[in-house]
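Okay, everyone, thanks for coming. Let's walk through today's structure together, starting from the overall layout and then zooming in.

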Amino acid sequence: MRLTALYAIAFALFTGTACGAADAAPPLEYRLKAVFLLDFARFVDWPPGALGALDSPFNICILGPNPFGEELDRVVTGEAVQGRKVAVQKISRAPSPGACQIVFVGRPEDSSIDIGALGRGILTVGEGEDFVRRGGMIAFVVDNRRVTFNINWRVSEAAGLKLSSRLLGVAKTVIR
Amino acid sequence: MINLSKDRARNKFRDAPIRQKLVIIIMVTTAVAMFLASFGILGFDSVLFRANLSHDLSALARIIAQNSTGAVTFDDPRTATETLNALRVRTHLVSACIYKDGVPFARYIRPGAPPVCAPIDFTDETIFGGSELTVSYGIVLDGKRIGTLMMTYDQQEIFQRRQLYGGIVIGVLLLSSLIAFLLSSGLRASIEDPIVQLVKATTEVAETNDYSIRAKKVSSDELGQLTEGFNEMLSGIQSRDNSLRTALFDREEALHEAKKAHERFRFLAESMPQKIFTATPEGKVDYFNQQWSEFTGLTFAQLQEGGWDSILHPDDVEADRVSRGQALETGEAFQIQHRFRRADGEYRWHLTRVHAMRDATRAISMWIGSSTDIHEQKETEEALRRANDDLQQFAYSASHDLQEPIRNVTIYSEIIARRYRTMLDAEGTQALGFLAEGGRRMAMLINDLLAYTRAGATDGEISLQDASVVLKNTLAGLSEAIRESNATVSYDELPKVYMREVHLQQVLQNLIGNALKYRTDEPPSIHVSATDMGGAWRITVADNGIGIDPQYKEKIFGVFKRLHRDQKYSGTGVGLAICHRVVERYGGRIWVDSTLGHGAKFHFTVPRHSGQWRSAS
């Protein structure tokens, strides 16, 4: 079931044709980004204490507008990161410490939020070439009609996060 | 056919010299050991290498799989391919493919290899195929399988390795064989040399029969012991050989000696004038010398067959048998006089002596006898004895018959003197006195002569006589004469002697009588003594009389030998002759020590033991 879906995604990605399956569904690009978003969690080590108690959920917070629609919720359903249940939270302000493990910044152009000051233990993910320059850690970019990402390693290090070299290996650019 | 050649090879090996055997054994052992070791090592290495390779490839696959998780997750085949391209250094890796969702996602194909990925396999294991091995490994993220890594590895490495090892094995084998050969040349000497020495010694001994040869001992191991044992055996043989030789030599020598001794005896026996014979210990005669045949005119065979009885005088046979029987019984020597018959029939007297010859154990080994012809001697002796007897008889009867006419002369001259004294004138009376005196002297002479002849006629047992008693009796008989001459006679204790009383008295009476008669003006002094001379007693009668001129020392003991003619010393000249005759009959001696005018010492000896009485000759 899942394999067939992935084939479909890959096909759509490489051919660059948006099938436009359903209005409710987000474009293919965000469906892929939703999968990636969850997968990032698997290549990152959070500093001690940042994940909270074992029964507390692993929160992926969407700051601002949600480009994934219901897709992200669907992706994380039944998934677990570091033994914790994954949950999706929608937030409008900077989260309190320990509330979010990943923060997806939906609106990178919104300068009212200082992405670099979100605090330790939070992986910040955004979109566009500027995001990592403004203090974000991982930014989705589309390169040659292919979804990839840039990484600001300096920022993630400063935030106490350990990014796997395998993650760094597949990034388009890494700021060190 | 195969068996035949195998047998031949075995025989060939069995007959090969030990040095070759040793080399063959060492080489074969070395080669087999090396082969086995090499194949063992090779096999072990193969297994080990496969295990290592499989382990190694698994580790490699794990690393690649882990490193590919990012690329697989984030759908980045380029990065995945780059990761796979790092495998280029493993030249034996044919291909490596990453599958995502069942389709190839990224791959590495060794240049020149067919661009195909092995079919996907989810069992995650290492499979050794015919010529290559395949490793499949799951790419897992957070416990979820997100893809599969498949790697194909050719087994060229194993083959190359086997080739290399094979080369090394052959090289080592050759080298070790060479070293074994060189070493064995040195080592086999330690086994071969003692054996060669033994073989050499054995061959030499066999060729020369010289048991003084010894094998050289090279080592102290079993071969050394063998050599020692061999040498000991040789020395044993040598000493036995020597003693055998010596014994043989001694035996030959002894035989030679015996033969020589025998020849010497034969020569001696043949060259002697006596008749010689030898007999066995049982008394059977086994040898007569030539003299027997010449004397009896019989051959040895005839003599042996006829025995002694055939040549002995019939009167001697019995005595001869008795003597021989006694000798055989007691083993003692004997001698016998008997008569043997000569070839012309005459019996001749022989003196035969027979002795037993004894060996080292005192057992009689043979009898040796010699017979000497004593016929002439025996006849002479007989004639002499007869003549002596006749003479004695004549002297006795002559002196006896002479007594009668002399007595007549004496008696009738006395009758004339008594009856016709008045009728005779002075001249007639004087003549008659001469006649009476002559008759009286003649009677005395005849009496003495009779005594002399009787002195020898003595036979029968002789008993021990106390000389002191005899002397006293003698002195009693002479008492008138001693008193007349005013003499003193002294004597020591005299021994007991083996001599008849009458004879001892005769001697003592004559000697003491002479001492009284041949006196000076001094009264006679006479001493009788005895001295122990060991085998005999010496009895001495010493006086202080007129003595005797030494030149007459021998003469005085003859019959009718008188030194004095004048009337002063009356006598017939028979006294000392009687003494001489008596003393000599008893095996003694009589002599005198004297100087004229200074007295005389008459000595005579009497043997201490009886049995030395000389029979009348």
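Before I count anything, one definition: helices, at least four residues each, and strands, at least two, are DSSP runs, numbered from the N terminus. With that in hand, chain B has 14 helices and 17 strands. And please keep in mind throughout that this is a predicted model.

So, chain B. There are 617 residues in it, and buried ones make up 22% of them. If you take the contacts in chain B with a separation of 6 or more, 58% of them are between residues 24 or more positions apart.

Now over to chain A. Here we have 6 helices and 10 strands. Chain A runs to 176 residues, and 38% of those are buried. For the contacts with a separation of 6 or more in chain A, residues 24 or more positions apart account for 56%.

Where do the two chains meet? On chain A, the elements that give two or more residues to the side touching chain B are helix H1 (2–15), helix H2 (28–40) and helix H6 (165–170). The biggest giver is H6(A), with 4 residues. In total, 12 residues of chain A are in contact with 12 residues of chain B. What kinds of residues does chain A bring to that side? They divide into 7 nonpolar, 2 polar and 3 charged.

Quite a few of its residues are buried, among them Leu28(A), Tyr30(A), Leu37(A) and Phe40(A). Charged side chains turn up on that buried list too, including Arg31(A), Lys33(A) and Asp39(A).

Back to chain B, and a pair of helices. In general, two packed helices are described by the angle between their axes and the distance between the axes. Here, helix H2 (residues 18–73) and helix H4 (residues 156–208) of chain B pack at about 155°, and their axes are 8 Å apart. How does that leave H2(B) relative to H4(B), roughly parallel or roughly antiparallel? Angles over 145 degrees count as roughly antiparallel, so that is what H2(B) is to H4(B). The crossing of H2(B) past H4(B) is right-handed. By class, their contact has 18 nonpolar, 6 polar and 6 charged residues.

Next, helix H5 of chain B, residues 222–271. That's 50 residues, reaching 71 Å from first C-alpha to last, close to the 74 Å expected at 1.5 Å a residue. Is H5(B) mostly buried or largely in the open? Of its 50 residues, the number buried is 3, so H5(B) lies largely in the open. The buried ones are Thr227(B), Leu234(B) and Ala269(B). They pack against H4 and strand S6 (275–279) of chain B.

Last stop: Leu511(B), which you'll find in helix H13 (residues 501–517) of chain B. Why do we call Leu511(B) buried? Because 26 other C-beta atoms lie within 10 Å, and the cut-off is 20 or more. Setting aside neighbours within four places in sequence, Leu511(B) is in contact with Val541(B), Cys579(B) and Phe602(B). And from Leu511(B) to Ala542(B) it's 31 residues in sequence, but 9.2 Å in space, C-alpha to C-alpha.

That's my tour; over to you.

Note on methods
Residues numbered from 1 in each chain as written. Chains lettered and ligands numbered in written order. Predicted model: local features only at pLDDT ≥ 70, side-chain atom pairs only at ≥ 80, totals over all residues. Contact = placed C-beta atoms within 7 Å. Buried ≥ 20, exposed ≤ 12 C-beta atoms within 10 Å, placed from the backbone. Axes fitted to C-alpha atoms, helices over the stretch in contact; angles between N-to-C directions. Parallel < 35°, antiparallel > 145°, perpendicular 65-115°, else oblique. Left-handed = near helix turned anticlockwise from the far one by under 90°. Expected span 1.5 Å × (residues − 1).
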